Amino acid sequence: MIDLALFVAFPYVAVILAIVVGLYRYYTDRFSYSSLSSQFLENRTLFWGSVPFHYGILVILLAHLLALLFPGLWSSLIGAQARLYVLEVTGLALALMAIVGMALLFIRRLNNQRVLMVTSTIDWIFLVVLLAQILLGFWVALFFRWGSDWYLHTAVPWLISLATLSPQAQYVSVLPFIVKLHMLGGFLIIALFPFTRLVHFVTFPITYFWRPYQVVIWNRRVRAGVEVKK
Amino acid sequence: MDIRAQVSMVFHLDKCIGCHTCSISCKNIWTDRKGTEFMWWNNVETKPGTGYPTLWEDQEKYKGGWVQDGDRLRLKLQGRFGALSSLFFNPYLPTVDDYYEPWTYQYDELFNAPEGDDQPTARPISMITGKYMDIEAGPNWDDDLGGSPVYAANDPNKDGLTDEERAQLNEVQRVVFFYLPRICNHCLNPGCVAACPAGAIYKRGEDGVVLLKQDQCRAWRMCISGCPYKKTYYNWSTGKAEKCILCYPRLESGQPPACFHSCVGRIRYLGVLLYDADRILDTASSSEAVLVEAQRAIIQDPFDPQVVSAARANGISDAMIASARISPVYKFVKQWMLALPLHPEFRTIPMLYYVPPMLPVLAAVKNGLYNVVGAGENGLAPLISSLEKARLPLRYMASLFAAGNEETVAAVYRKLIAVRLYMRHLTVKDVSLAEANQALNVGQTTAEEVQAIFRLTATPTFEERFVVPPMEREVAIEQTLDPFTHKTQAGFGFRQAPERRW
């Protein structure tokens, strides 16, 4: 019963919250739909915190996603032992990068008066959750070898069962407590996403790659006597 | 030919008295809010000096504007890939300490301090942290050359000067400075617009005002580095960039912007220019030797029938064209060629032009009389060639207003000197007609032109200084709202305070 609540109901609630509240916030208060950069107030520690954290966490997240989306490809990738070792060591290194970065950011936020002033309660809650989640992930990777393999046979089918609306909690219900906690943490972050500054994740300005440098906006564009429809 | 209209500006530096009234009127209207305390959309700097934010002209430090890379124009800051990969940390962002930490004073202490032997004092408190602080910089920290061994000595425009010229600038007896008021230049090729990853900054097609959509800004901070003039600012409280909006709500109701309106020295002129948007890229990519000429050439003659028909075809109204014909900016920039762009080598094609200040000449006190060096027996004639004896080296002015081309600045000065001498001939009458005519020759101008320049410089009316073009809001809103309905409702829309509510 408790498994059903935690590994079936909770993930659905989290995703629905993320989508519904995320959309609601986007359409009612777009002004707040970003992170709140504090680089203007402090930028030395930020460099050593923000850069390793972001790049570390992004690559690790990408690996989680790739294994989920292309399990076949992933299993042949880790098929050779050497590749598995390289992958796991790289993952651990990246996680360490993210942890060190995150810790620095945490300390910076506590210690720097200026940055402290632009930190809200929800920021603190989210920071703690995120730090805990990364530490848990690191713990799992370190003590439950080889995560990149058993992830394919436990979490991936569970997540696919959730995605296909035929939820099956038994894939994960027998896993060690600490692993389960990491999985729940992931969905807790998804649930928190629309309420925090994490919304900046979905505002990544990919269009900058192709948009023209100059932006000109007309009330009603007329060129060479012909009205240009937008 | 793609003719567009641009609300443009001229600041006549000879008339600026450095009173900062413009800065204050702007501050009171737009930046008197949390997070904007340190912002001065309009600021007045003392030159030589390092300005605000400190050393803003040093593009090796802040990487603003554009650079010519082969036959391509690129942002000095970074390419598209570079922009997206440095979102987490912008290595060239000025921080609050490059401006100054805003503060107030603990005024309560003056009234509430317990009785004691000492006078109560109001200690400074940071407006960011609310804690006591030591004031280390302010918005005009080097005003009137205050702290000049630190600030004026490090002016980036002095880089090209000889040691002798530098020594001359620093010498107390010959010390010299002038003021440089600055607002957003509302450029034709703005660096801030190009640098914004979110595409939140745009130029209004109808009048060229550059604005920043607060709802679309995502705090990536690239515009602040991308603008070589450092005229976009980061609101640390809301996480949004903000910039000068050229008081467009005032323009739309027929008034000049607040900084223009309040200018005590009446140094500011505003009017519309017609330009050819097809030539923006070519103009911005011109070689340094012809940058100023190219920027003048992109401005089109509003009397030319071809230009007028192209403008009409682009939807520019006859009223706007009529306004362009009486624009004081057109006269100063294009017709008389007296006003120059600030740092054209940043290649953003700024639409705020400056008439450089007259250079004070070296003088000596002889027999109790204050004499211009070289003047005397020959009357004031040596003034005609006084440029060589200027206390502020031409090269310094050329570094500011002409991408280093001394001849461009010298031509402006020769004309300004002709205006002075010719008018002195007419009014004070101690300059002979021959001398006055010689000055006109050297300045390559005519008596009529000189009179017109004098008229618009010294005794223009309010309406001559500010030719606010018809902004045609009725046309702008008619697609969504009947103009007659709008007329009765304007100003009653729903507004939200600029705060993060999530």
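Reply: Let us start with a definition: two strands pair if DSSP finds at least two bridges between them. Strands of a sheet pair through backbone hydrogen bonds, either parallel or antiparallel. Please bear in mind that this is a predicted model.

Me: In what order do the strands of the open sheet stand?

Reply: The order is β1(A)-β8(B)-β9(B), an open sheet of 3 strands with mixed pairing. β1 (216-217) of chain A and β9 of chain B stand at the edges; each has a single partner strand, so one side of each is left without a neighbour in the sheet.

Me: In which sense, parallel or antiparallel, do β1(A) and β8(B) pair? And in which sense do β8 and β9 of chain B pair?

Reply: β1(A) and β8(B) are parallel, over 2 bridges. Here A:V216 is placed opposite B:K203 of β8(B). Strand β8 of chain B, residues 201-204, pairs with β9(B) in the antiparallel sense, over 3 bridges. B:I201 has B:L212 in β9(B) as its bridge partner.

Me: How many residues of each chain are in contact between chain A and chain B?

Reply: Contact here rests on C-beta atoms within 7 Å. By this criterion, 43 residues of chain A are in contact with 42 residues of chain B. On the side of chain A that touches chain B, the elements giving two or more residues are α2 (44-69), α5 (113-117), β1 and β2 (222-223) of chain A. The largest share, 5 residues, comes from α2(A). By class, that side of chain A has 20 nonpolar, 15 polar and 8 charged residues.

Me: How many residues of α15 in chain B are buried?

Reply: Helix α15(B), residues 328-335, is mostly covered, with 6 of its 8 residues buried. These are B:P328, B:V329, B:Y330, B:K331, B:F332 and B:V333. Just after α15(B), B:M337 takes a positive phi of about 55°.

Me: Where do B:A219 and B:R266 lie, and what is the phi of each?

Reply: B:A219 is in the loop between β9 (210-212) and α8 (222-226) of chain B. Its phi is positive, about 60°, although B:A219 is not a glycine. B:A219 counts as buried because it has 24 C-beta neighbours inside 10 Å. B:R266 lies in the loop between α10 (258-261) and β12 (268-276) of chain B. B:R266 is likewise not a glycine, and its positive phi is near 55°. With 16 C-beta neighbours inside 10 Å, B:R266 counts as partly exposed.

Me: Which residues does a cis peptide bond join in chain A, and which in chain B?

Reply: In chain A, a cis peptide bond joins A:R145 and A:W146, with omega about -20°. A:W146 lies in the loop between α6 (121-143) and α7 (147-153) of chain A. In chain B, a cis peptide bond joins B:Y52 and B:P53, with omega about -10°. B:P53 is found in the loop between β2 (43-47) and α2 (59-62) of chain B.

Key:
Residues are numbered from 1 along each chain as its sequence is written. Chains are lettered from A and ligands numbered from 1 in the order in which they are written. This is a predicted model: local features need pLDDT of at least 70, side-chain atom pairs count only at pLDDT 80 or more; totals for chains, interfaces and linings use all residues. Helices (H or I, at least four residues) and strands (E, at least two) are DSSP runs, numbered from the N terminus. A residue is buried if 20 or more other C-beta atoms lie within 10 Å of its own, exposed if 12 or fewer, and partly exposed in between; C-beta atoms are placed from the backbone. Two residues are in contact if their C-beta atoms, placed from the backbone, lie within 7 Å. Ala, Val, Leu, Ile, Met, Phe, Trp, Tyr, Cys and Pro count as nonpolar, Asp, Glu, Lys and Arg as charged, and the others, Gly among them, as polar.
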